[in-house]
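User: Hi! Could you walk me through this protein with a few questions and answers?

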Amino acid sequence: MKLATIRSACVSIRACPSRPGSRFGGMARGCLPTNSRLTLRTASTAPSSGTSPTLTANFGKQHKEDDWSKRNRSMGEVVQNTKEAITTLQRRNPEIQPLLVILQAGEDDSMLEVNKKTAGKIGLNVSRICLVKNCSEDEIVEELLKLNDDPRVHGVFLHLPPTSLTSRVLNTLKPEKDVDGISDLNIGRLVRGDVSKGFIPPIASAVLDLLGKHDAALKGKSVLLVGGHGPLRMALQCLIERSGMTVQTNHWNSKSLKTQVMQADAVVMLSAGNVDIPPSWARPEAVIIHCEPALEPDDDIIDLSSRSGLGYLTAAYRAQNVVHSCSRWIQEQQYRPWRLHNLKLQPLNPVPSDIEISRAQTPKPVDRLAEEIGLLPEELEAYGRNKAKVRLSLLDRLHSQPDGKYVLVAGITPTPLGEGKSTVTIGLVQALSAHLKLNSFACLRQPSQGPTFGVKGGAAGGGYAQVIPMEEFNLHLTGDIHAITAANNLVAAAIDARMLHEATQSDKALFNRLVPSVNGVRKFSPIQISRLQRLGISKTDPASLTPQEVSSFVRLDLDPSKITWHRVVDTNDRFLRKITVGQASTEKGQIRETGFDIAVASEIMAILALADSLMDMKNRLARMVVGTSRSGEPITAEDLGVSGALAVLMKDAIKPTLMQTLEGTPVFVHAGPFANIAHGNSSVLADKLALKLVGRDGYVDMPGTCSPSFFSPGSCIGQERQ
């Protein structure tokens with residue numbers, strides 16, 4: 001079915017006019033009813049009265065009792081099956097609780113009560129979000145986007161006016177949370193016959209259920225759908241035909257309606273309003289199912305559990321869809337086998353330059369590569385078409401997944417042009433993944449612009465063993481080195497500013513700057529409380545500090561000759577190796593010698609490579625020693641009060657970047673050279689993520705920077721991995 005046809009069907013939900021004369025003003029014909037009644041009966045030959053009352057009024061109490069009995073039996077079966085499914089689900093995943101959210105306009109409680117009563121029998125959680133009655137499309141879309149991103153929500157029911165169910169609204173909702181099956185994608189799956197990932201509209205399931213429970217077998221018989229259009233009619237037609245029945249459709253104003261009703265074995269009336277088919281039209285053994293809005297308060301209800309008839313049975317099938325959605329979500333969280341599509345190489349002779357080889361290959365879109373190796377869309381943060389950050393939540397999702405095998409490519413004779421460790425590593429993973437069909441991941445360091453623009457050049461590999469695109473890999477990438485430069489130089493600026501203020505201000509003035517009064521209230525920040533504790537001061541009220549305690553708190557008393565922290569720049573700018581700062585008149589004589597290092601040699605880069613979580617990185621940043629006081633005490637970044645700011649600057653840099661080789665195999669690029677010489681690998685986090693993704697029988701390959709002895713169990717990286 002063409003998408004335009006499907007979209008047209010969905011548009012009909014909201015565009016159809018009200019039926020003139022209907023007692024339900026404003027109820028759009030052809031729209032999925034939000035709360036419906038179904039009457040199932042055997043047709044009677046009794047003459048019709050002059051008016052058209054509801055069907056249940058036309059027939060005796062015994063017929064109604066049979067109808068309710070059928071509905072109760074159907075609902076009981078659905079409820080029991082769904083309850084057993086939840087029990088099985090929670091036995092394997094005790095922390096999981098399926099949740100249905102009703103998004104509605106206005107304060108109408110009817111739909112909430114129907115779904116809550118049904119959910120209570122099953123063990124399902126139901127929540128409701130009430131928007132204003134005349135809410136805009138943008139407000140609805142905003143709420144849907146939040147629900148899409150909430151992993152606790154497994155199903156969303158749109159209890160909205162027909163005019164609000166626009167194509168944009170319907171298709172904003174994730175198909176996997178569309179438990180009413182009314183989005184274009186879910187309707188298309190149903191029409192195509194593939195409901196393994198979609199949902200059958202609950203009201204269609206309820207009608208089909210009652211058709212199947214008729215006393216006489218309806219297989220091979222004819223069913224007439226009268227009135228209605230859009231998703232409900234389309235779904236019913238598809239489901240009934242697949243059940244072995246033939247389907248005919250007609251409209252209420254058709255001249256052939258009477259003839260078709262007399263020939264049909266079953267009649268399903270959609271969007272009838274107060275219109276009815278005279279009983280004399282139907283065959284005595286025919287089944288008539290009447291879908292209409294909910295029972296009115298004064299309608300005769302035989303059994304409280306059957307109230308609203310089809311509404312409760314529909315709610316039961318909706319709950320079943322929510323449980324199915326939850327089960328699928330749990331399945332998606334499990335480790336998924338790779339379905340890697342390799343890119344073909346076309347080697348040339350003579351071999352072109354590295355940049356020509358790189359540009360001759362078209363990389364796969366990074367989201368497709370991520371899907372092939374089992375990453376979920378919500379675990380990816382795309383930076384353009386060819387690279388993306390991978391969120392650390394992957395470690396939580398795959399915490400029970402066994403690690404793969406760890407392969408080190410090392411060399412011990414450094415040369416100005418490099419030794420080829422990266423090239424060998426990339427060639428190895430291409431051989432393992434593209435040719436031997438084994439899961440294999442390369443973990444590389446991000447190149448520094450210093451060597452890239454120097455004699456050594458880039459670090460993307462070489463020849464037909466490269467990371468692509470080469471330019472993006474070698475230059476900027478996702479800005480991690482720039483984040484390190486900003487964080488490092490923030491510390492340097494804080495050091496000089498603190499020394500200036502301590503040299504020119506009194507204890508009281510410093511205290512007022514460090515602990516300002518806000519709206520008449522003065523209190524310490526968490527970082528300042530930590531400093532007080534290190535000083536042996538247990539007080540938390542700024543007003544309770546003694547003058548001596550205030551002096552100890554505000555004065556770091558850094559020794560200018562013992563400051564170990566340098567500024568950094570990611571360029572080989574040799575004339576910045578030693579500089580003099582503080583020469584402006586505004587610095588009041590605070591002149592000292594310092595210098596620049598290359599950015600990738602910053603201690604922050606080493607911390608990035610060794611951290612195993614955002615909190616671990618923040619704690620390591622806080623403990624960095626930047627110099628010594630005149631009394632010989634080490635001064636840390638937390639003493640300066642900048643550790644929180646450093647963590648914020650580095651919050652994205654801690655996520656490894658996903659790229660690919662010339663043959664389309666995955667690569668993690670993280671951290672950088674120089675600062676990682678002591679431990680050798682790119683980063684602990686990149687290794688951990690890759691080891692989970694390749695699976696028990698996969699391989700993670702990385703180039704080392706020094707002797708293999710550094711990677712023994714007693715070494716730095718060996719201890720980190722243990």
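Analyst: Gladly! One term to begin with: two residues are in contact when heavy atoms of theirs lie within 4.5 Å. Please keep in mind that this is a predicted model.

User: Thanks! Which residues does G106 touch, not counting residues up to four places away in sequence?

Analyst: G106 sits in the loop between strand 2 (99-105) and helix 4 (110-122). Leaving out residues up to four places away in sequence, the contacts of G106 are C130, L131, V132 and K133.

User: Is G106 buried or exposed?

Analyst: Buried means under 20% relative accessible area. The relative accessibility of G106 is 10%, so this glycine counts as buried.

User: What distance separates the C-alpha atoms of G106 and H159?

Analyst: Along the chain, G106 and H159 are 53 residues apart.

User: How many helices and strands does the protein have, and what share of its contacts join residues at least 24 apart?

Analyst: The secondary structure consists of 27 helices and 24 strands. Counting contacts between residues at least 6 apart in sequence, the share that joins residues at least 24 apart is 72%.

User: Why is helix 26 described as largely enclosed, and which residue follows it?

Analyst: Helix 26 covers residues 684-694, and ten of its eleven residues are buried, so the rest of the structure largely encloses it. Among the buried ones are V684, L685, D687, K692 and V694. After helix 26 comes a residue with a positive phi, near 85°, namely G695.

User: Which helices are included in what covers the buried residues of helix 21?

Analyst: Helix 21 spans residues 547-554, and its buried residues are E549, V550, S551, F553 and V554. Their cover includes helix 18 (480-504), helix 19 (507-514) and helix 20 (526-534).

User: Which residues form the negative surface patch, and does E176 count as buried, partly exposed or exposed?

Analyst: The negative surface patch is made up of D149, E176, E332 and E378. Of these, E176 belongs to the loop between helix 6 (167-172) and helix 7 (184-192).

Definitions and conventions. Residues are numbered from 1 along each chain as its sequence is written. This is a predicted model: local features need pLDDT of at least 70, side-chain atom pairs count only at pLDDT 80 or more; totals for chains, interfaces and linings use all residues. Side-chain values use heavy atoms; hydrogens and water are left out. Buried means under 20% relative accessible area, exposed over 50%, partly exposed in between (1.4 Å probe, protein chains only). Helices (H or I, at least four residues) and strands (E, at least two) are DSSP runs, numbered from the N terminus. Patches are made of residues with over 30% relative accessible area and no salt bridge: like charges are joined within 9 Å, nonpolar side chains (Val, Leu, Ile, Met, Phe, Trp, Tyr) within 5 Å. Accessible areas come from the Shrake-Rupley method with a 1.4 Å probe; for residues, only the protein chains shown count as cover. A salt bridge is a side-chain nitrogen of Lys or Arg within 4 Å of a carboxyl oxygen of Asp or Glu. Lys and Arg count as positive and Asp and Glu as negative; His and the chain ends are not counted. The place of a charge is taken as NZ of Lys, CZ of Arg, CG of Asp or CD of Glu.
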